[in-house]
Structure formats: C-alpha cells, structure tokens
Amino acid sequence: MSTQSFPSYDPASFKGMEHAGWEERAAGYDKLFGSITRHAIEPLLDATAVRAGTAVLDLCCGPGYAAAAAASRGAHAIGVDFSQAMVETARGLHSAATFQQGDAEALAFEADSFDAVVCSFGVNHLPDPGKALRESCRVLRRGGRIAFSMWCAPGKSKFHQLVLEAIRAHGTTEVALPPAPPPFLFSDPATCAAELTAAGFANPEVGEIPLAFRAPAASDVLALTRCAVRLNMTIERQNAHARERIRQAIVEAAEKFRAGALLEIPMPAVLASGVKARK
C-alpha cells in the first residue's frame, strides 16, 4: 500500500465544491449527521463479512465510523477521505484505525489489497461514482465484498422531502451549481445493482436500513441542512427573501414530526452490496 500527494480541486467544479464544503463541515457532521449515519455502520460491516483479520477500506470515511467499528471487530482498517479536516476529525475520534487523505476515484493502493470496501453515504458526493466503484473492485481481492449506503429518495426520506418541498414552494431547485450526477441516483435499487455489475461485482444485493433523525428542536433540522453540502448550496443560492421563507417552511414542516420531547424524522437508507467476481 502506498500514499500519494493530494491534489487541489477547481472550486468551480463539483468535486471542488464538495471538497470545500466538507473541509468546513467536519465537526458539524459528526454532531448531527453522525447521530444518524452511525446506525448504518454495522449493516455495512455485516454485508461485507468483516471479522477479525479482515483488511477493510472505509471509502469516503468522513469521521471514520466504519473503520473504527471494523477495528473493534479485530479487522485491519484504513479510512480514506478527500477532506483533510474529515481525516483529522477521524484521527481525533478513533485511535484503533488508520486514516489518510485520498481520492476515492484514484485510490493510492495496489490491486488486491483489501478483503472488504465499505462506503457510508459517500457515493452521492462523487463526481464519477462509477469510477470509484471500479477502483474499489481493483483494490479488492477475488471474492472480496463491497457495501455502500445511500439515502432513500424523497418520499421515503422525509427529511429530504420536507427540505425539497420548502425549496420548491418558496424558491427554486434550478440554481447554478457545477455539473454533477443526479443527487438521488443511488437511491434507486436498480441503479445500484446495475452500477455494481458494471464495475465488476457479482451477485448484487440491495436492501434498506430504517434510520431517523431525532432531535429536540426544529432548529436542529435547519442545522442538519447546513451539513449537507449540495442541499445547503441550493438554499444559500436563493435570494434573501426566499432563503428566509425556505428556512421557516423547514421548521414548520419539521414540527409535524414531533413525538413528545423529540422530533423523529424518517431517513431510511439503501444498502447495496456485491462480491468481486472470481475469474
């Protein structure tokens, strides 16, 4: 295994926008989105049969939850993220795994280096997710497994639904953002299976993980939107009046999910997995 120097990205590109966004949001993600995404980690590790001695790559590792959980099973875990701020956050939270900066679309590891690759809510942040899947296949040993999670589409994911409904009602989703794949491309099980197959994986399986955002105040839902780079940019690029109305509408819609002292907003996730074909 090797490391590489990390390139800078054009801030006008989708990758540059995402990189800048995650450099700013590392701590906020851990406090907010982390309260949701942590619950998807064990299903990812189960889907890739991670156990003692397994060599695991945590792709787009963020705060390092999957690598840390793999290490707690006795696995040898490495987490990779293109955001140095996320890497530093992961290192500060977890000492049992190794974390380094790197590009999911150009992995700095030799072929056949890992038994398992997991990616927790990272595929939707990649300009070319198919390339990242092919790279994952390259670094996996024959018979190695991959699993990734992605939010279900609005409708099932009530958080994404209420935010997008607020934007459409009081602003527009047609804002100037760099060209990028559709945000919910991998929310579709058929797309997940097709992309895994195209990348060299056999026996794709796609299921669902029941997740929810639980918080005491609707203002926490607004804070959650600020941790989502593409959603936040869509809101920030509205005019001032529209931004304020959108935020008010998000708060009002979030309150409808109150159950006693807490809001409980369903945010289920797709779980897709496959095995590197034996040839």
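Is C152 buried or exposed, and what is its relative accessible area?

A: C152 is buried, with a relative accessible area of 2%, where buried means under 20%, exposed over 50% and partly exposed in between, with a 1.4 Å probe and protein chains only. The model is predicted, so local features need pLDDT of at least 70 and side-chain atom pairs pLDDT 80 or more, while totals for chains, interfaces and linings use all residues. Residues are numbered from 1 along each chain as its sequence is written, and side-chain values use heavy atoms, leaving out hydrogens and water.

The structure holds 0 disulfides, a disulfide being a pair of cysteine sulfur atoms within 2.5 Å. C152 is in none, since the nearest cysteine sulfur, that of C192, is 9.5 Å away. C137 also counts as buried, at 9% relative accessibility, and its sulfur lies 15 Å from the closest cysteine sulfur, in C119, which is too far for a bond.

Turning to helix α11, residues 240–255, its 16 residues should span 22 Å at 1.5 Å a residue, and its end C-alpha atoms are 23 Å apart, which agrees; the expected span is 1.5 Å times one less than the number of residues, and helices are DSSP runs (H or I, at least four residues), numbered from the N terminus. The buried residues of α11 are A242, I246, A249, I250, A253 and A254. Seen down the axis of α11, these buried residues fall within an arc of 130°, so they line one face of the helix, the arc being that of the directions from the axis to the C-beta atoms. On the other side of α11, A240 and H241 are exposed.

Conventions
Helix = DSSP H or I, 4+ residues; strand = E, 2+ residues; numbered from the N terminus.
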